[in-house]
Amino acid sequence: MAIISSAFAAEGEQATHEAVGAGEAHHEGVFPPFQTENFAPQIFWLVIIFGLLYVLMSRIALPRVGGIIENRGAKIASDLGAAREMQSKAQAAAAANDENLRRRRDEAQGIGREAQHKIAAESARQRALAESQAAEKIRAADERIASAKTQALANVEQIAVDAAASIVEKLTGAKIDQAALAKHATSSN
């Protein structure tokens with residue numbers, strides 16, 4: 001089998017070399033577009049094809065492209081107009097929002113000031129009430145002190161009379177009348 005395949009390979013190489021040799025003979029001439037006898041038909045077909053392309057481009061393609069560009073320009077212009085309008089609306093909304101925030105802030109500050117005044121008035125009222133209650137308690141305590149002082153002074157005088165009578169009785173052995181001694185003590189004051 002190896003013998004058969006090597007024979008086929010040899011025949012294939014010989015056929016390839018012969019085809020290459022035949023191609024070399026074909027390349028001996030000048031490149032056909034550069035041959036002078038082909039210039040006139042080439043220029044004729046160049047003018048006809050260029051004319052057809054010019055007519056197709058000027059009548060069909062370029063008007064379509066121009067229409068597309070005009071439509072695109074109109075769409076861009078309308079989009080820019082819409083964007084400007086939206087921007088002005090957004091700026092107006094932002095200004096209205098700022099004004100609303102300013103009014104709300106002023107209202108909140110007013111409410112805060114009002115609450116401060118109410119709290120200050122309530123604390124002043126409670127302080128005045130507490131001060132009047134304290135003054136009343138102080139006045140009542142002063143009256144109790146004055147009453148206790150008067151009562152204590154009255155008892156001191158009686159105690160002093162009793163003490164003087166006891167001292168005189170111990171020293172002299174005589175009994176003294178406490179009523180006369182009390183009378184004498186009050187008349188000397």
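Let me start with salt bridges, where a side-chain nitrogen of Lys or Arg lies within 4 Å of a carboxyl oxygen of Asp or Glu. By that rule this predicted model has ten salt bridges.

Which residues are linked in a network of salt bridges? They are Glu 99, Arg 102, Arg 103 and Asp 106. Take Glu 99 and Arg 102: their side chains meet at 2.3 Å, N to O. Glu 99 also has a salt bridge with Arg 103, and there the closest N and O atoms are 4.0 Å apart.

Now for where these residues sit. Glu 99 and Arg 102 are three residues apart in helix α2, about one helical turn. Arg 103 and Glu 99 are four residues apart in helix α2, again about one turn. In general, an α-helix has 3.6 residues a turn, so residues three or four places apart point the same way.

Next, exposure. Buried means under 20% relative accessible area, exposed means over 50%, and partly exposed is in between, using a 1.4 Å probe and protein chains only. Glu 99 is partly exposed at 33%, Arg 102 is partly exposed at 36%, and Arg 103 is partly exposed at 39%.

Another pair in helix α2 is Glu 122 and Arg 125, three residues apart, about one turn. Their side chains meet in a salt bridge of 2.5 Å, N to O. Glu 122 is partly exposed at 32% relative accessibility, and Arg 125 is partly exposed at 46%.

A word on how to read these numbers. Residues are numbered from 1 along each chain as its sequence is written, and side-chain values use heavy atoms, with hydrogens and water left out. Because the model is predicted, local features need pLDDT of at least 70 and side-chain atom pairs count only at pLDDT 80 or more, while totals for chains, interfaces and linings use all residues.

So what is pLDDT? The term stands for the predictor's confidence in each residue, from 0 to 100. The protein averages 84, and 81% of the residues score at least 70.

On to the overall layout. Helices are DSSP runs of H or I with at least four residues, strands are runs of E with at least two, and both are numbered from the N terminus. The protein has three helices and zero strands, in the order α-α-α along the sequence. Helix α2 covers residues 39-172 and bends by about 45° at Met 57. The bend is the angle between axes fitted to the seven residues ending there and the seven starting there. Just after α2, Gly 173 takes a positive phi of about 85°.

How much of the protein counts as buried? Of the 189 residues, 1%. The accessible surface comes to about 16300 Å², and 65% of that belongs to carbon and sulfur atoms. These areas come from the Shrake-Rupley method with a 1.4 Å probe; for residues, only the protein chains shown count as cover.

Part of the surface is a nonpolar patch made of Phe 44, Trp 45, Ile 48, Ile 49, Leu 52, Leu 53, Leu 56 and Ile 60, with about 780 Å² of accessible area together. Patches take residues with over 30% relative accessible area and no salt bridge; like charges are joined within 9 Å, and nonpolar side chains (Val, Leu, Ile, Met, Phe, Trp, Tyr) within 5 Å. Leu 52 is in helix α2 and counts as exposed at 52%.

Last, the aromatic rings. Rings of Phe, Tyr and Trp (its six-membered ring) pair if their centres lie within 6.5 Å; planes under 30 degrees apart are stacked, over 60 edge-to-face, and the rest tilted. The whole structure has two such pairs. One of them is Phe 44 with Trp 45, edge-to-face, at 5.4 Å centre to centre and 75° between the planes. Phe 44 is partly exposed, at 47%.
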